[in-house]
Amino acid sequence: MRAARLRAHPHPRPGSRGDSRLVRDPLNAREWPRAPHHPGLPGPDLHVWRVDLAACDEGDGVALLSSDERARAARLVSAGARTRFRRARFALRRLLAEYVRLSPGELALEYGEHGKPRLARETERDRTPLFFNLSHSGDLALFAVGEAGEIGVDIERIRPLRHLEGLARDHLSAGERELRPDWSAVEARPEFFRVWARKEAMLKAAGLGLSRPLSRVDTIRGVLEGRPYWLLDLLPGDGFAGAVASTCAPAAVRRWSWP
């Protein structure tokens, strides 16, 4: 089946709210077709995969994880969290391996200062750098891969939060707080998690993790520490919010579901 495709908006000029880099037309949650066997390299496009962790069969996948990945899984408190982490990392290896034409077990990953994974130099060899990122929440994960620039992706399960108004006051920028008149309302939860996903996606694209105050991440203008980012809302499924960010706007976004 042909991948669902969204033509990306051209680079806007950073500055006023009217010049926001946020693509406000999200990818439709019902338009995540099954993945092709060989997606090919992204080139100027951005590939986004929605992964159903509940449908992943670990099989021998645990053996393909690195000792670091297995140790990180073991530190998680609940058995469910450990299983979802292992499945997300195995899905990452399976999908990434198709792009670099290696087996999942041959992939060597390195990590930045704040934990962002990247292909190790021996895996990259002499090819064009491949940028990717992974996020999971509940039984869904998002995996984004491209060649144009650094990428960050985030998925959040929309869930009840205590003191939502206080969280909005402490973590949203002034412009973001103006998106709703009443952040204490139950109806504000989806908007809060959409904004939160945008913030984490931008921070991950920058390789900063959660090392910066979230209130300084401006998703209205798409600017972090003076640098503009391309930013797209994602709808992974009912009850979830997602976003993907990049240092360079792709020509188009192509998306699939896996497995």
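**Salt bridges, pockets and a strand**

Me: How many salt bridges does a search of the whole structure find?
Reply: The search turns up 12 salt bridges. To count, a side-chain nitrogen of Lys or Arg has to be within 4 Å of a carboxyl oxygen of Asp or Glu. This is a predicted model, where local features need pLDDT of at least 70 and side-chain atom pairs count only at pLDDT 80 or more, while totals for chains, interfaces and linings use all residues. Residues are numbered from 1 along each chain as its sequence is written, and side-chain values use heavy atoms, with hydrogens and water left out.

Me: OK, which residue meets glutamate 69 in a salt bridge?
Reply: That's arginine 93, at 3.0 Å from N to O. Glutamate 69 sits in helix H2 (residues 67–74) and arginine 93 in helix H3, so the pair ties together parts 24 residues apart in sequence. Helices (H or I, at least four residues) and strands (E, at least two) are DSSP runs, numbered from the N terminus.

Me: Is glutamate 69 buried or exposed?
Reply: Glutamate 69 counts as buried because its relative accessibility is 0%. Arginine 93 is buried as well, at 3%. Buried means under 20% relative accessible area, exposed means over 50%, and partly exposed is in between (1.4 Å probe, protein chains only).

Me: And what about glutamate 150, which side chain does it meet?
Reply: Glutamate 150 forms a salt bridge with lysine 116, at 2.8 Å from N to O. This pair links distant parts of the chain, 34 residues apart: glutamate 150 is in the loop between strand E7 (140–146) and E8, and lysine 116 is in the loop between strand E4 (109–111) and E5. Glutamate 150 is partly exposed, with 32% relative accessibility, whereas lysine 116 is buried at 13%.

Me: Why do side chains like that pair up at all?
Reply: Opposite charges can pair when the charged atoms come close.

Me: Which residues do shared partners join into one network?
Reply: Salt bridges with shared partners join Glu69, Arg89 and Arg93.

Me: Changing topic: how much space lies in the largest pocket?
Reply: About 690 Å³. On a 1 Å grid over the protein atoms alone, a pocket is an open set of points with protein on both sides within 12 Å along at least five of seven lines; a cavity is a set where a 1.4 Å probe fits but cannot get out, and lining residues have an atom within 4 Å of a point. Grid points are joined across faces, edges and corners, and the volume is the space filled by probe spheres set on the points.

Me: What lines that largest pocket?
Reply: There are 24 lining residues, and Arg72, Leu134, Ser135, His136 and Lys204 lie nearest the centre. E6 gives the most, with 5 residues. By class, the lining has 7 nonpolar, 9 polar and 8 charged residues. Ala, Val, Leu, Ile, Met, Phe, Trp, Tyr, Cys and Pro count as nonpolar, Asp, Glu, Lys and Arg as charged, and the others, Gly among them, as polar.

Me: What volume does the second largest pocket have?
Reply: About 240 Å³. It has 19 lining residues, and the closest to its centre are Lys116, Pro117, Arg118, Phe131 and Glu150. Strand E5 (117–119) gives the most to this lining, with 3 residues.

Me: How many cavities of 30 Å³ or more are there?
Reply: The count comes to 1. The largest cavity holds about 50 Å³, and its lining includes Asp45, Leu46, Gly146 and Pro250.

Me: How many residues of E13 are buried?
Reply: In strand E13 (residues 252–258), 6 of its 7 residues are buried, so to speak mostly covered.
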